[in-house]
Amino acid sequence: MNTRLGVLLPTQHSQWKDARRLLDFGLRAERLGYDSVWANDTLIGARAEPLTTLAALAAATERVTLGTAALLPAFRRPVLAAQELATVDHLSAGRLVVTVGAGFPGRSEIEYAASEVPWERRFGRLHDTVALWRALWSGERAFHGAVLRFDDLPESTPSHRPGGPPIWLGGASPSALVHAGRRYDGWLPYPPDPDGYRAGLATVRRAATEAGRPAGAVTPALFVTVLVTGDVARGERELDAYCRSVYGVPYEVARTIQAMVAGPADHVAATLGRYLEAGAEHLVCRLAAPDMDAQLEQLERVAEIVRPVPAGR
């Protein structure tokens, strides 16, 4: 199996100050041999907007996949979002992957309110939005879903690839597993242990088979927070500071919800290896470092763990 390695851009404003450093980060990741570069999406806290950032990276990079991890479609008007995504797909010559999500209870309600979108029926709205995008990219002029209905759609920008860019689903609730298997091109969860990942992937694949989809229709990926340090104790102290800064909760709480690992290179590699053994094929690493310089240092350390740095890079 050829493991693919991705990295999340440090889009939080406190981490970059000068937004052009985000482009430098993406270019450095490409030169180090990373397969993908990702941007997340939230209205909580000042940060670079993901689609704008990926559009800039589309022009600056040549090889890496550019992805959202994850985009929350409810924050955007769905017809305009289809045009925006198609444009990034064209600018990148077909290198875009769109992971979507519906938000996290206890955190995202305020974002929905700011977007003037009801929190209720958010999953139905999410799945309808994705189906609407695919319809628009294929040239359809009407859409009738469970939540979204349009009798007369304007002509929309077609995607670079027929049918649109691959769309992955984030999340690992029982319903998300089934929807990932039935509707989506990839699955990007962050379960806190490899056994949970293995069980979830089995459900995704079973749902895909029951829907008549071919083997390999759903790319199994993993979103994981990583920090390479001299020892585990130091790493967990730094993860604690990171979790308190990002989520307002200690590491001991966050680790029960998300995949997280910190410590020496061999310890991090062993933990990631267990997820690979459980079926993950594409790792999307969030680097738990506080500023851009520390992020760049971690970028190199993680690349060395997962694969040797390509010669001459």
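Colleague: Which residues touch the most other members of the largest nonpolar core?

Modeller: This is a predicted model, in which local features need pLDDT of at least 70 and side-chain atom pairs count only at pLDDT 80 or more, while totals for chains, interfaces and linings use all residues. Residues are numbered from 1 along each chain as its sequence is written, and side-chain values use heavy atoms, with hydrogens and water left out. A nonpolar core is a set of buried Ala, Val, Leu, Ile, Met, Phe, Trp, Tyr and Cys residues joined through side-chain atoms within 4.5 Å, where buried means under 20% relative accessible area, exposed over 50% and partly exposed in between, with a 1.4 Å probe and protein chains only. Among the 75 residues of the largest such core, those touching the most other members are Tyr-34, Val-100, Trp-133 and Val-226.

Colleague: Which helix gives the most to this core?

Modeller: Helices here are DSSP runs of H or I with at least four residues, and strands are E runs of at least two, both numbered from the N terminus. With seven residues, the element that gives the most to this core is helix 6 (residues 122-137).

Colleague: Is Thr-129 buried or exposed?

Modeller: Thr-129 lies in helix 6 and, counting contact as heavy atoms within 4.5 Å, touches Pro-73, Pro-78 and Leu-148, leaving aside residues up to four places away in sequence. Because its relative accessibility is 5%, Thr-129 counts as buried.

Colleague: Why do the buried residues of helix 3 lie on the same side?

Modeller: The buried residues of helix 3 (residues 50-60) are Pro-50, Leu-51, Thr-53, Leu-54, Leu-57 and Ala-58. They share a side of helix 3 because the arc they cover around the axis, taken from the directions from the helix axis to the C-beta atoms, is only 155°.

Colleague: Which residues are exposed on the other side of helix 3?

Modeller: The buried residues of helix 3 pack against helix 2 (20-31), strand 2 (36-39), strand 3 (65-71), helix 4 (78-91) and strand 4 (96-100). On the other side of helix 3, the exposed residues are Thr-52 and Ala-59.

Colleague: What radius of gyration does the protein have?

Modeller: The C-alpha atoms fill a box of roughly 60 × 40 × 40 Å along the principal axes. The radius of gyration is taken over C-alpha atoms, and the globule rule is 2.2 Å times the number of residues to the power 0.38. For 313 residues a compact globule would have a value near 20 Å, which agrees with the protein's 19 Å.
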